[in-house]
Amino acid sequence: MSKKEKTFRPKARTPRGFRDRFGPEIAAEREMLERISAVYESFGFDPLETPAFEYTDALGKFLPDIDRPNQGVFSLQDDDEQWMSLRYDLTAPLARYVAEHYDALAKPFRRYAVGPVWRNEKPGPGRFRQFTQCDADTVGAPAPNADAEMCMMFGEALNAAIGAMDSSPYRATSGPTPKAKIRVSTRKIVDGLFETISLAGENDLATRTAVMRSMDKFDRLGEGGVRLLLGPGRKDESGDFTAGARLADRDIDLVIAFLNSSGDEVSGDPAGSLERAAQIVGASSAGEIGLKELHGIKNAIPDFDARGIHFDCAIIRGLEYYTGPVFEAEIGSQFGSLGSVGGGGRYDGLVERFKGVEVPAVGVSIGISRLLAAFEFATDPLRMAQGPVVILALEDGQMAAYQTMAAELRAAGIRAEVYVGGSGMKAQMKYADKRGSPVAVICGGDERARGEVTIKDLRLGAELSKSIEDNAEWREAQPAQISVPREKLVEETRRVLARRQTAKSRGQT
């Protein structure tokens, strides 16, 4: 007797570095994106949507933290044998779009873009291989005025996004929402630092790259970790060893002094920050240009000190195409150590790859996925905030009447659905509980005969059931539900929802 062949059943699993998203997180993301987009549009930026795939040669070699072109991307070969890659950011497609339509565009060209991007790199906490970005860029405007405007808009967009979470039903954290902090530097003063430590030559490119990557880890690794990376190398907690840049001790001291010249402790003193940086790099030609750029940004921003913008030489940015001012945003350490939630800068050489002439450009990008993670939306993918009102379907032949009720509630701006699962009342109530529904509407034969509906406050009922000790007391009280005339369905449902919202705002159950 032959052995029965086993049926293959694939294992249900999510690819590493990717994740499913559901309900509250998506709704919160939508709200954030709407608010960010509204700020971008208020500054005169128009939306642009580009394909998820670009030809690989158009993306270039500007991927973060890698040494060879086309690493770090997901690629496939088309049937015409041309290689295409999923975009790793929204800036490279912009450069391609501007080059393709250059003569027809009004310049400066101002656009914003929203969408997923993909990076084939090692995932980690708050770091995924697919994530959402929301960018804004000005192409065709030189520094520093466009950079100053970008910093202002960057801060306003982030504050609009995180401010929306104060009253959002989807927010998992509590407490006051902080303001965004925009940290600004420029690649020119970094170039000035390289002149100062004699690393400005063409043959020093590999060492400069290693030094910049080490500097970019200053926030995460601190002075001790960066000293090791600038010197002999560093072994991390897992045992992996990263080779160092092998600078002389004197040069390491200058780099560390440069990184410490500004930061949170002097964030209220931008002039002092620039003076400290000038003592290290001011004698170099590139450093002099960079300091002039930063002074120009400060002078072009009204109420600079009140906007949460400050200069910080530790801001390096990982992408190699930045040529001038660079920006990073953070929202406060009480939301965890996820690091930057957005960044950007000036990249005057990116469009030149296509056009052969330098086209000035500056932009910012907000990492929506990281911003949501900072508010703890991703801690439980199945966590539900307030669900819809559920109308129980208790009688055969009455589905049209139930759908009419749901339509009336939706017309009044209330999320509502009719149970269509085909189970009995007990199962329907369990369904409403799992959906996180605040209210269930009951209209069986008895209610219909009286021309009434029963409105049941599910949240209040759940709390009261913990304190009422016997069924007799429960039947006598019935404080969590009320029967009202059918025509008062919307009015009473709205009243119950308002009562629950008031209780929530007061910190009650």
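Predicted model: local features only at pLDDT ≥ 70, side-chain atom pairs only at ≥ 80, totals over all residues.
Let's start with Asp216, which sits in the loop between helix 6 and helix 7 (218-230); helices here are DSSP runs of H or I with at least four residues, strands are E runs of at least two, and both are numbered from the N terminus. Asp216 has a relative accessibility of 29%, so it counts as partly exposed (buried is under 20% relative accessible area, exposed is over 50%, and partly exposed is in between, with a 1.4 Å probe and protein chains only).

Residues are numbered from 1 along each chain as its sequence is written, and side-chain values use heavy atoms, with hydrogens and water left out.

Now to helix 6 itself. Two packed helices are described by the angle between their axes and the distance between the axes. Helix 5 (residues 187-196) packs on helix 6 (residues 205-215) at about 125 degrees, with the axes 12 Å apart; the axes are lines fitted to C-alpha atoms over the stretch in contact, and angles run from 0 to 180 degrees between N-to-C directions. The pair is therefore oblique (under 35 degrees is roughly parallel, over 145 roughly antiparallel, 65 to 115 roughly perpendicular, and the rest oblique). Who makes the contact, meaning heavy atoms within 4.5 Å? Helix 5 brings Arg187, Val190, Leu193 and Phe194, and helix 6 brings Arg208, Val211, Met212 and Met215.

Ser198 is not a glycine, yet its phi is positive, at about 60 degrees, and it is exposed, with a relative accessible area of 61%. Asp303 is another one for your backbone checks: its phi is about 55 degrees, again positive without being a glycine. You'll find Asp303 in the loop between helix 10 (285-299) and strand 10 (309-311), and it is exposed at 59%.

Where are the cis peptide bonds? One joins Lys107 and Pro108, with omega about 5 degrees, and Pro108 lies in the loop between helix 3 (91-100) and strand 5 (109-118). Another runs from Ala143 to Pro144, with omega near 5 degrees, and Pro144 is in the loop between strand 6 (130-139) and helix 4 (145-163).

Last, the whole chain: 18 helices and 18 strands, with 48% of its 509 residues buried.

How values were computed. Contact = heavy atoms within 4.5 Å.
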